Amino acid sequence: MKREKERRVETKNIPLIIIIILLFLSVLCFLSPCPAFAADKRSTFGENMFTVFFIDSREGWAVGAGGTIYHSLDGGLKWEKQDIKTQLPLFSVSFCNPQVGWVVGKSGVIYHTLNGGKTWKEQTNPNNKHLFTVKAISPEKCWAAGDWGTIIYTSDGGKTWVDRSYAQDVIFYSIDFQGEDKGWMAGEFGTVLHTRDGGRNWSLQQTGMEIGSEATLFGISFASKQCGVIVGLRNTILRTDDSGRTWQKAITRAEGQNEEIRSLYKVKLKGNFGVAVGEGGRITVTYDCGKTWSPIPILSDARLAWFSGVDIPANHKAFIIGRSSLALISEDNQIKMMGSLPTLSSY
Amino acid sequence: MTSQGKKSIWLKLVEYHVGHPILMLALIGLGTAFFGYKCSSLRIHTDFFDLYPPKHEYIQLYKQYRSMFGTANVMTLVLETRNGDIYNVKTIKKIDRITKELMTVKGVDTTQLVSLTHPRVKNIAVGYGGVSVTPIIKVLPETPEGLRSLKERVYSNEGVRGMYVSNDDKAALISAGFWEEGLDLNNLFKEIQKIKSEADDATHTLYITGYPMLYAWIAHYVPQLYNVFIVTAVVMLIMLWWYFRSFMGIFIPMISAVVSAVWGLGFAATLGINVDPLVLVIPLLLSARALSHSVQSMERYHEEYAAIGEQKQAIINAYGYLYKPGILGLITDGLGVLTIAVASIPLMRNLAIYGSFWIISIYVSSIVMHPVLVSLLPPPRAKHLKKEQLAALDKETAREKLKEITARPGDMMYIKMGEFLITLTQGNRKWVVLSLVMLIIFGGGYVTKKYLKVGDVSAGKAILYHDHPYNEASDLANKKFIGSSQLIVVAEGKDKGAMKDIKSLLLLEDLKNYSLQEIPNAGGAVCITDMVKALNRMFHDGYPMWAMLPERPGYVGQILYALAAGSTGGEMDRYISPDNKNATTIIYFRDYNNKIITNAIANLKRYIEEHPLEQVKLHLAGGILGILAAVDEEVEWSYWINMALIFGFTFLFCMMAYRSLLGAMALFIPLLVSQISCDILMLVLGIDLNINSLPVASVGVGIGVDYGIYILSRLAEEYQFSNGDYRKARYLAITTTGKAIIFTATTLVVSIIFFVFASFKFQAEMAVMLSFLLVANMLGALMILPALVSIIGPERILSKYRV
C-alpha cells in the first residue's frame, strides 16, 4: 500500500520532472548556442558565388566572393561554411577525390586540402596573376589558368607549381580534362588550347570563328574524349564531336530581345545532358551532347542575376549558382530556387 | 518701507514711475511703436542653417563639401502603383513627368535630381561596340517589348533596384536635393502638392517625404498655429475676467503681455532674427511670465487698496513690495534664457537673445508701465477699510476683514485649492513631502540621466503624428527602398588623383562592407569602388569574376576616366571629385533615432581609428544623419551646461536676495524637482529632447523661479509681519500670492490645452509638457517650498529678507 502510494507520487511527479528538465535545457540553450541549432548550415549563401563542383551526387563545394567556401553533403540542399582564412575572392574549385582538392582566386591565390576541406593550406604560386580556373587531375596533378596567359601546373600535390604560361596576353577562363592526358583550355579572343600529352605540349585549336570577331570563351566542358562544348561571349555555343579538331556552332533557341547578345559563362556536360548558364539569369540545356540547346524559362526576377557556376551532381540534375547567393537546382527542367531572390543591399 | 524707516530704492522707483506718468507712457509708447513697426518685418520661417551648429566638425565638413557632394536636404518621392508593376507606359510617363516638374521647383539642386527616367541612372553594358555607359532610359518605352527591355535593364544593372525601383517592382523613387539658402517652404509645399495632385489617380499614389517636405509641412501649418494662439488669448481673457471681474483685471495683464510680446518680437526683427515655427511655443511661455507678474501685481494692488483705501499709496505699496521679487525673478529668468546661448546652434542662440530681451521688456511692461496705467484708471470698485477702521482693529481681525472684503466670486476656488495644499504639508506630512522630493531627485535623476536621450526618440516622428501623410511616406520609402536617410563619410585625399590608388578604393569598399555588417539599420551603402568594379567587369566582357578592382597599373585611372566620360558634368560628384582627390562612402538608413545615429557614429569613429591610410583621411559625417548627429551632440552637452547655469544663477541671485544659503536651497530644490519630473514625463511620453524641445524645458525652469520667488518673498513678509508665526505666514502667503500663482498656472494650462488640437504632434506634446511644468512648478512653490522652509527653520530663511 505504502509502496503503491510512493509509486503514485513518483508517477505524479514525472510531468513536473520533465518540465524542469525541459526548462533546464532551454535555459542552457539560451546561455550557450544549442548544439542542435548551432551548426552554420544554410540553404543559401550570403555572397556572390562563382563556381560549384560536385565530386559525386551528394558531396560538393562552392566558392565565391570574400574568400567564401561552402561544402554540401546532401546534393546541395544544405551548405556549411568552411574556414579558408582569406578575404580574397575565390574563383574556382576542383577535387580529384572527396579528400583532395584545390581552390584558386584573385591575385593567383591557391589553397589546397587533403581532408575534404576541413583544413585548407595556402600554396606558393610562381605567378601572382588572377587564376580563374583550376582542374584537379589526381592527388598529385593539377592545372590552373587565368589572367595574362597564366597557366601553372603541379605534379607533386602542389608543393611546387610550375609556370607554363602562354606566350600571348590571353585570359584563360576554363580548363577541362578527360583523363590525365587529354585536356582543353578556353579563353579570350576565341583561344582554345588542347593537349594530348598531359600538358607537356599545348596546341591552338581553330574554332571556326571569323578572324577579328573571335568571342571570348568562358566555359568548356567535355562529356567524353570526343564530345565537348564551349560557351562564351554573346551567346556563343560551339561544339565538337572530334576532340576539338573541328568546332561548329550549336543550334540555339533564344528567347527575348537580348538573348542573342547575352553571354554564357559556364557549361557542364554529363553524358548527353548538359547545362549552360550565364548573363541575365540565362539557363539553357541540351539532351544531345550540345547539338541543340533550349532555354529554360525561370522566374523573371532571376534575370537580375548572373549565373557563373554549374555542375551536374546526378543524371539530369544540375546545381547552379551566381550573383548574391542565388542558387538553383534544375532537375529535368524543373527549377527549384534554393535561396530567396537577392535584394539590393548595396551598390 | 525698510525697517529703519528709510524709503527703499524700490519705493522711490515706483514713486518716480507713478509721479511721471506721461513721460513713462511716452517712452514706453515710443519703444512699443518702434518695435511694433519692426514686427511687420518679422519672419516666421525655418532657416535650415539656423538648425546646424556651425562650429561642429560635421557641419564644417558638410559646408566644405556640399557644393561637390550635394545638399543633405533631400526630398524623396515614391510613386506607388496599385495595379501590377511600374513597367507600363502610364507609370513610366508619370515618373518622367514628376522628374521634369521637379526640375522647375524653386530651390531644387538639379544635379541631385535622380529617378529611373533621369539620364543620371545608367545602363552599363557590353555589346558589339564594346563597353557603353548610357542612360537606362534613352527614350520612354511605348511598346510591350520596350517595357520588357527596360525591366531587364533595371534588373541587370547594379544600383537600380532597391534605389530607384522597389524590390517588388510596385514603386519608383524620385530623389531631389534642395539647397538650404532661400528655400521658400510655402511655395515648395504648393508646388509639391500640385505635382502630387497631378500624379495621384485611381491606380497611383505619390508619397513625399524627406527634410524639405517636413519643413514645408510645418510652414503650411503656421496659419493654423496663429488660430490656436487666438483661441488661447481669448480663453485667457475669459479666465482673467472670471477672476478679477473688472475691465482693469483684463486690460492691465493683457496689455502687459502684448507690450512685452511686441518688444520681444520687434527686437528679433530688428536684429534680423527669424522665428522658427517650431519654437513658437516659447513666446507663449514668455507671455506667461508677463501674465504672472501682472496678476501678482494686480492682486497685491487690490489687497493694498482694500487695506488703506487710498489709490496712489496702494499702488506705491503694492508695486514697491513686488519690485524686488519682480526684478529678482526677471534677472534670474533673463539670465536663464540667455544661457540657452551656450549651444552654438543659431536657432537656440537667436532664441536666447530675443527671449532674454523679451523678459527684460517685462520689466517695462509690468513693473514700470503697470503702476502708471493703474494710477490713471479709476480705483477698484471693491470695498476698502478706512484708516480709522483699520487702526481700531487688531492685526488678526484686520487680516480677516481684509480677506473678506477683497474676496471676489472667482477667488474661493483658488483659496480652497491653496488651503488644500497647505493641509498636505502641515505637521508630519512635510516629511512625506521631503521623502517624495528625495525620491524624485535621486531616483528620478538617476533614471532620467540614464535613459533620457537627446535626439529624435521615435524615428522621424517627433514633429508630426504617426499617421500623417509625411510619416506614411517615410515608412513606405524605408520599407520599399534601401533607405531615405543618408550618412556620408568623406574620404579626403592627400593629393590629386589619390582615389586612383587601389588602397584608397579598397578602404572605401571596406568601410562600406563594415557599415553594412556592423551598423544596425544600415539598409545599403554605395561608394565609387562599386562603380569601378562594375566597369572593370564590363571591360572584361562582362565576366562576373572581373567585378573586382583592377590590379594592372593605370587601369583605375582609365576606368574613372570612362565613368566621367559616360556622365554629364557633376553627375559623379556625389561619389568622387572630378580631380579624383576626394570620394565618399554613402550609407543609407531605413530608419533612425538617437541610438542608431550614436551607434553608427561610434562604429564609424572606431573604424576610422583602426584603419589609417597615409594618402587618404576619412572624415565624419555628412548627409542628413551627419547633420542630426552634430545637432544631437551639441544639444546634449549644451542641455546639461544650460541647466547647470540656470540653476547656478538662480541659486546665486536668490542667495543674494534672501541673504540666506538655506533660503536659496529652499527655492532651488522645488525647481530641481519640477525639472526632473518634467524629464520623467518626457521619458514616459516619449517626447524627444531635441533642438526644439530643449529651449522649452530650459525656459520652463523660469516659471518655477517666478513662482518660488513670489511665494518666498511673501512668506518672509508675512513672517516678519506676524512676528515669527510661520503657520500664519504660510496661510496668508498661500491664500494671497499663492492664490494668484494657482490662478496663473491653471489659466495657462486651460489656455494652452488647445494646442493639443494642432496638426503638429510636437505642439501638442509641448502643450502637455508646458501644462505639466506649470502645475509642477506651482506645486513646487506652494507645497515643497513651504514644507522645506518649515523643516529647515523659518527663522533661518525668512528673517533676513528686507521687506
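In what order do the 4 strands of the open sheet in chain A stand? The views below are taken from a predicted model.

**View 1. Chain A as a whole.** Chain A contains 30 strands and 2 helices. Of its 347 residues, 48% are buried. When contacts between residues at least 6 apart in sequence are considered, 45% of them join residues at least 24 apart.

**View 2. An open antiparallel sheet in chain A.** The order of the 4 strands is β6-β7-β8-β9, and their pairing is antiparallel. The edges are taken by β6 (90-95) and β9 (121-123) of chain A; each has a single partner strand, so one side of each lacks a neighbour in the sheet. From one strand to the next, the twist averages 25°. Strands of a sheet pair through backbone hydrogen bonds, in a parallel or an antiparallel arrangement.

**View 3. Pairing of β8(A) with β9(A).** Strand β8 of chain A covers residues 110-113 and joins β9(A) over 3 bridges in the antiparallel sense. Y111(A) has E122(A), in β9(A), as its bridge partner.

**View 4. The hairpin of β27(A) and β28(A).** Strand β27 of chain A spans residues 307-314, and strand β28 of chain A spans residues 317-322. The two strands pair in the antiparallel sense over 5 bridges. F307(A) lies opposite G322(A) of β28(A). Between the strands of this hairpin there are 2 residues, and H316(A) adopts a positive phi near 55°.

Note on methods: Residues numbered from 1 in each chain as written. Chains lettered and ligands numbered in written order. Predicted model: local features only at pLDDT ≥ 70, side-chain atom pairs only at ≥ 80, totals over all residues. Pairing = 2+ DSSP bridges. Axes fitted to C-alpha atoms, helices over the stretch in contact; angles between N-to-C directions. Buried ≥ 20, exposed ≤ 12 C-beta atoms within 10 Å, placed from the backbone. Contact = placed C-beta atoms within 7 Å.
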